[in-house]
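Here are my notes on this one, written as numbered points. Keep the viewer open while you read and click on each residue as it comes up.

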Amino acid sequence: MSEPAAWRAVDGGLAIAVRVTPRGGRDALAAGTPEHLAARLAAAPVDGAANAALIALVAKSFGVPKRAVTIVAGETARLKRLHVAGDTPALAEIAAAL
């Protein structure tokens, strides 16, 4: 079974693609399409508030500290690539369950 494009195992963690919907009412991370996960954020995309909320949401969802989540690409775009550092098999299991 191949991994979905929404996430893939990388050295030292997981690379994930996330489509962000700011001002989405409440914070939630779920399966989106085969190409990306979907994140709804209550925060507005102002002064990095949505990015900070996204990092906190991803960290909570994957059970890692916020410092283990970094935005690799798409800092100002809706589609973002993130790296989640940690135990790769455990993180892949969590991603597959989304």
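1. One term before anything else: two residues are in contact when they have heavy atoms within 4.5 Å of each other. Leaving aside neighbours within four places in sequence, A53 is in contact with L41 and A43. A53 is found in helix α1; helices here are DSSP runs of H or I with at least four residues, strands are runs of E with at least two, and both are numbered from the N terminus. L41 is 12 residues away from A53 along the chain, yet their C-alpha atoms are separated by 6.8 Å.

2. Some housekeeping. This is a predicted model, so local features need pLDDT of at least 70 and side-chain atom pairs count only at pLDDT 80 or more, while totals for chains, interfaces and linings use all residues. Residues are numbered from 1 along each chain as its sequence is written, and side-chain values use heavy atoms, with hydrogens and water left out.

3. Is A53 buried or exposed? A53 counts as buried, because its relative accessibility is 15%. The cut-offs are under 20% relative accessible area for buried, over 50% for exposed, and partly exposed in between, using a 1.4 Å probe and protein chains only.

4. Now the largest nonpolar core, which has 27 residues. Such a core is a set of buried Ala, Val, Leu, Ile, Met, Phe, Trp, Tyr and Cys residues joined through side-chain atoms within 4.5 Å. Residues with the most contacts inside this core are L14, I16, V18, V58, F62 and V84. At least two core residues come from each of β2 (13-21), β4 (36-40), α1 (49-62), β5 (69-73), β6 (79-85) and α2 (88-97). Which element gives the most? That's α1, with eight residues. Click on V58 as well: not counting residues up to four places away in sequence, V58 touches I16, L29, V69, L82 and V84.

5. Next, look at α2, where T88, L91, A92 and A95 are buried. Seen down the axis of α2, the buried residues fall within an arc of 100° (taken from the directions from the helix axis to the C-beta atoms), so they line one face of the helix. An α-helix has 3.6 residues a turn, so residues three or four places apart point the same way. The buried residues of α2 pack against β1 (7-10), β2, α1 and β6. On the other side of α2, P89, E93 and A97 are exposed.

6. T88 counts as buried because its relative accessible area is 19%. Not counting residues up to four places away in sequence, T88 touches A9, V10, G12 and G13. The C-alpha atoms of T88 and L98, 10 residues apart along the chain, are separated by 16 Å.

7. Two residues other than glycine have a positive phi. For R23, phi is near 55°, and R23 sits in the loop between β2 and β3 (28-33). For D47, phi is near 50°, and its place is the loop between β4 and α1. Are these residues buried or exposed? R23 is exposed, with a relative accessible area of 60%, and D47 is exposed too, at 80%.
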